[in-house]
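Reader: I have a model open on my screen and a few questions about it. Can we go through them one by one?

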There are 2 protein chains.
Amino acid sequence: MDDSQEPTPIIRRPLHEEATDRLRDLIVQGRLAAGARLNERLLTAQLGLSRTPLREAFKVLATEGLVELLPNRGAIVSQMDPIRLGESLAVMGALEALAGELACRNATDAQINEIRALHYEMLAYHARNDLAGYFKFNQAIHLKLVKYSGNAVLYNTYRQMNGNVRRARYMANLSKERWDAAVREHDEILAALGARDVKR
Amino acid sequence: MDDSQEPTPIIRRPLHEEATDRLRDLIVQGRLAAGARLNERLLTAQLGLSRTPLREAFKVLATEGLVELLPNRGAIVSQMDPIRLGESLAVMGALEALAGELACRNATDAQINEIRALHYEMLAYHARNDLAGYFKFNQAIHLKLVKYSGNAVLYNTYRQMNGNVRRARYMANLSKERWDAAVREHDEILAALGARDVKR
DNA sequence: TCTCCTGAATTTGCATGCAATTCTAGAATT
DNA sequence: AATTCTAGAATTGCATGCAAATTCAGGAGA
């Protein structure tokens, strides 16, 4: 019997992965606020699994920095205080600088055009003062830039930190100056990418 | 009853942390070779704990990139192929650049002197052609530099990547040119730190 | 009223059990 | 001889049980 095109893939993902992703989303989206306690009994009921995979998810999210483990006292959503946010943004800046450099060298024209397209879509939202939409495309551009650097380790590292600051970044970009500065910065990056100017 | 100076702190660390650290050391030190299968029964016996904390350690090391989880088929020590090594070193380079910049600004004179001392100790080993000793101090200097940048996020990120490449770096530094180049680079960093020249 | 105790109820950390999957040989078939 | 098939063993994923730690409620004493 040949299932030619695998009619039902039945790729069952491990429960602990599912749990990790679900929890990460809840935290990054802010539905689990910083400092909130992660009650095992409650979450097992909500996610429909047992404590073992849930607790494994806690450990993973803790090493990602999204969760803080208090021995014998459970887990809480880690705080993203201003100091840590600033530190994270500094590191991300360094990573983006490297990414830009590598992307200039390694990205295909199609990829650069893709970023350019996203950039203009973002500008549209910016013009409309639509913060949420602007933010979404802003995120996408940064991520794509890092992705197209061709350095997978860089991408993963950046991606992880990005998830970590995403909760707070929304606010960091709220002030009008930062907002406009970010747009100008994007213009510059785009120009440099187009010209393949490694040093920007 | 007042135990004044806490005679025996009895700070029992969680078993899963202990397991994570022990395993990480085994991997970083190369006692568990890349590609080696991590048998749960065997390791629980060796570490004297049950499968639950061990499996939690697996998940943590997997997110750190030291271990690869094969669903239903166990965990293996992740391969550090040349491509990934190169990518990691590129990222670490970017992080060190940021660290150097920040350390110039933020490190105390005492901290800079501490690094300088380590540097000379390292030179001693270099002069004796003692690769292991040289390597040890080389590592220490890089780590201290990043630590004294004052950016905790940067330090943690770097530290994690460092553990990840440590297995392979020994070899990367083996060739005589790289070896000498690394020493010269250190000299430069030291000089820049001493002069507090942010741009190096 | 506030602080400090005390024991019950919760909650966590870890061990263990069970079902499902994967691996391992050896037999059967070509 | 090589390949396929097939128990049986080993191993993994997850649920659950139990002891230790923590939290909480209520009351005694200041």
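Reader: Which residue stands opposite L70(A) in β3(A)?
Author: G74(A) stands opposite L70(A). This is a predicted model, in which local features need pLDDT of at least 70, side-chain atom pairs count only at pLDDT 80 or more, and totals for chains, interfaces and linings use all residues. Residues are numbered from 1 along each chain as its sequence is written, while chains are lettered from A and ligands numbered from 1 in the order in which they are written.

Reader: How many bridges join β2(A) to β3(A)?
Author: 4 bridges join them, and the two strands run antiparallel. Two strands pair if DSSP finds at least two bridges between them. Strands here are DSSP runs of E with at least two residues, helices are runs of H or I with at least four, and both are numbered from the N terminus.

Reader: Which residues of β2(A) are on the covered face, and which on the uncovered one?
Author: V67(A) and L69(A) make up the covered face, E68(A) and L70(A) the uncovered one.

Reader: And chain B, in what order do the strands of its sheet come?
Author: The order is β1-β3-β2, in an open sheet of 3 strands with antiparallel pairing. β1 (37–38) and β2 (67–70) of chain B are the edge strands, each pairing on one side only. Between β2(B) and β3(B), residues 74–77, there are 4 bridges in the antiparallel sense. E68(B) has I76(B) of β3(B) opposite.

Reader: Back to chain A. How many helices and strands does chain A have?
Author: Chain A has 8 helices and 3 strands. Along the sequence the pattern reads α-β-α-α-β-β-α-α-α-α-α. Of its 200 residues, 32% count as buried. A residue is buried if 20 or more other C-beta atoms lie within 10 Å of its own, exposed if 12 or fewer, and partly exposed in between, with C-beta atoms placed from the backbone.

Reader: What span does α5(A) reach?
Author: α5(A), residues 109–127, has 19 residues and reaches 27 Å from first C-alpha to last, close to the 27 Å expected at 1.5 Å a residue. The expected span is 1.5 Å times one less than the number of residues.

Reader: Which residues of α5(A) are buried?
Author: I115(A), L118(A), H119(A), M122(A) and H126(A) are buried. Seen down the helix axis, the buried residues of α5(A) fall within an arc of 105 degrees, so they line one face of the helix. That arc is taken from the directions from the helix axis to the C-beta atoms.

Reader: What does the face turned away from the buried side carry?
Author: It carries exposed residues: D109(A), A110(A), A117(A), Y120(A), A124(A) and A127(A).

Reader: Why does E121(A) count as partly exposed?
Author: Because E121(A) has 16 C-beta neighbours inside 10 Å. E121(A) lies in α5(A). Its C-alpha is separated by 9.5 Å from that of N138(A), 17 residues apart along the chain.

Reader: Last one. How many residues does the contact take from chain A and from chain B?
Author: 24 residues from chain B and 24 residues from chain A. Two residues are in contact if their C-beta atoms, placed from the backbone, lie within 7 Å. On the side of chain B that touches chain A, α4(B) supplies the largest share, 9 residues.
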